[in-house]
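Q: I'd like a close look at one part of this protein: its aromatic rings. Could you walk me through them and then show me the rest of the chain around them?

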Amino acid sequence: MRDADFEIVNTNEHYFRFPLDAFVEKQKELGESRIVFWASVPHLWADQYGVEPHEEIFTKFSEAGIIIEAMAARPYNYTLFMDSNSLVGIHSMAYYQGLIDLAAEQAVSLVAIELWGALRDKDRGEQYRNCCRALKELCEYAGQKGISLAVGNVSYSHSAMMNTLPEIKGLLDEVNCENLLAVMDYGTAWQRRETVEKWIETLGHKLCLIYLSNARSSGGGYPLGQGCCAIKRDLEKLRKAGFSGVIALRMSQDFCQQAPASVDEENWDYLKGK
């Protein structure tokens with residue numbers, strides 16, 4: 001959906017229990033031509049050993065006139081917080097490099113990585129240094145292919161670090177790579193009482209992507225009309241602040257697995273004011 005000043009697109013994550021065809025057909029029906037592609041099973045198989053034959057997958061998008069704004073890498077059990085010589089460290093780097101290769105092949109210029117996996121019972125300083133080193137290496141690899149990476153805030157249930165705006169700002173400053181950008185998970189930020197204005201004020205042009213869903217005290221990922229957040233008010237604030245990135249509707253699988261197409265309709269009606 002094209003807003004007056006920015007673009008609101010859909011993601012396929014909440015079609016987790018449906019074939020990719022169901023997602024593509026619904027976007028065609030809604031008249032939506034741009035998405036953030038959640039590059040994960042069952043729609044795409046990718047691991048540390050490579051990516052499945054995928055020509056048919058991306059042909060579906062091109063034939064439907066759908067343009068991929070970014071690829072979102074599913075974390076699985078990969079993490080950038082472990083030592084680079086550990087098996088999980090080696091496999092995690094191989095996995096993310098493979099998705100960067102895929103993005104370059106498909107002329108997608110942005111890969112979003114979620115910083116899951118920081119442990120509560122392991123030295124934070126060591127984990128932080130591991131993450132910075134891994135991101136620098138990945139940024140160098142991606143930069144050679146004309147790709148930018150984006151990282152952002154994640155919930156404490158998924159990681160003991162990178163839950164807040166100050167942590168993300170500090171990480172971007174420490175890594176200090178031109179092609180490392182920021183993602184804001186709106187629901188996670190809301191739970192931390194962080195505002196969209198503060199994210200834009202703090203990160204400026206580095207903020208390139210916002211994952212939008214509604215949230216409650218129990219968590220995020222709710223359809224836009226089903227939580228406690230002032231979505232329309234905050235969209236207006238983004239507009240006034242001049243946000244020019246992509247806003248991607250990212251619903252939790254848990255709330256949408258029975259009828260994801262109905263959730264799409266509900267979200268689009270909400271945005272259109274119906």
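A: Here is a tour that starts with the rings and then moves out to the rest of the chain.

One thing to keep in mind is that this is a predicted model. The structure holds 10 aromatic pairs. A pair of rings is described by the distance of the centres and the angle of the planes, so those are the two numbers to look out for.

Let's start with F16 and W38. Their ring centres are 6.0 Å apart, with 70 degrees between the planes, and the pair is edge-to-face. Planes over 60 degrees apart count as edge-to-face. Now find the two residues on the chain: F16 is in the loop between β1 (7-11) and α1 (20-30), while W38 is in strand β2 (residues 34-39). The pair links distant parts of the chain, as the two residues are 22 residues apart. Both F16 and W38 are buried.

Y76 lies in the loop between β5 (67-73) and α3 (87-105), and Y95 lies in helix α3, so the pair ties together parts that are 19 residues apart in sequence. The two partners have their own surroundings. Y76 has a relative accessible area of 28%, so Y76 is partly exposed. Y95 has a relative accessible area of 0%, so Y95 counts as buried.

The charged end of R120 sits over the ring of Y156, at 4.2 Å from the ring's centre. K232 lies over the face of Y270, and here the distance to the ring centre is 4.7 Å.

Helix α8 covers residues 231-241, and its buried residues are I231, D234, L235 and L238. These four cover an arc of only 105 degrees around the axis, so they lie on the same side of α8. Just after α8 comes G242, with a positive phi of about 80 degrees.

One is A107, where phi is near 60 degrees. With a relative accessible area of 68%, A107 is exposed. The other is R193, where phi is also near 60 degrees. R193 is in the loop between α6 (186-191) and α7 (196-203). R193 has 79% relative accessibility, so it counts as exposed.

There's a backbone detail of another kind at P42. The peptide bond from V41 to P42 is cis, with omega near 5 degrees. P42 lies in the loop between β2 and β3 (46-47), and β2 is the strand that holds W38.

Now for a residue that reaches across the chain: L110. You'll find L110 in strand β6. L110 has a relative accessible area of 11%, so it is buried. Leaving out residues up to four places away in sequence, L110 touches E69, A70, M71, S148, L149, A150, L181 and C208. Take C208 from that list: L110 and C208 are 98 residues apart along the chain, yet their C-alpha atoms are separated by 9.4 Å.

Let's zoom out to the whole chain. Among contacts between residues at least 6 apart in sequence, 76% join residues at least 24 apart. The protein chain has 10 helices and 12 strands. Its radius of gyration is 18 Å, close to the 19 Å that the globule rule gives for 274 residues, so the chain is as compact as a globular protein of that length. Along the principal axes, the C-alpha atoms fill a box of roughly 50 × 45 × 30 Å. Of the 274 residues, 56% count as buried. The accessible surface comes to about 12,100 Å², and 48% of that belongs to carbon and sulfur atoms.

How values were computed
Residues are numbered from 1 along each chain as its sequence is written. This is a predicted model: local features need pLDDT of at least 70, side-chain atom pairs count only at pLDDT 80 or more; totals for chains, interfaces and linings use all residues. Side-chain values use heavy atoms; hydrogens and water are left out. Rings of Phe, Tyr and Trp (its six-membered ring) pair if their centres lie within 6.5 Å; planes under 30 degrees apart count as stacked, over 60 as edge-to-face and the rest as tilted. Buried means under 20% relative accessible area, exposed over 50%, partly exposed in between (1.4 Å probe, protein chains only). A charge sits over a ring if NZ of Lys or CZ of Arg is within 6 Å of the ring centre and within 35 degrees of the ring normal. The radius of gyration is taken over C-alpha atoms; the globule rule is 2.2 Å times the number of residues to the power 0.38. Contact means heavy atoms within 4.5 Å. Accessible areas come from the Shrake-Rupley method with a 1.4 Å probe; for residues, only the protein chains shown count as cover. The arc is that of the directions from the helix axis to the C-beta atoms.
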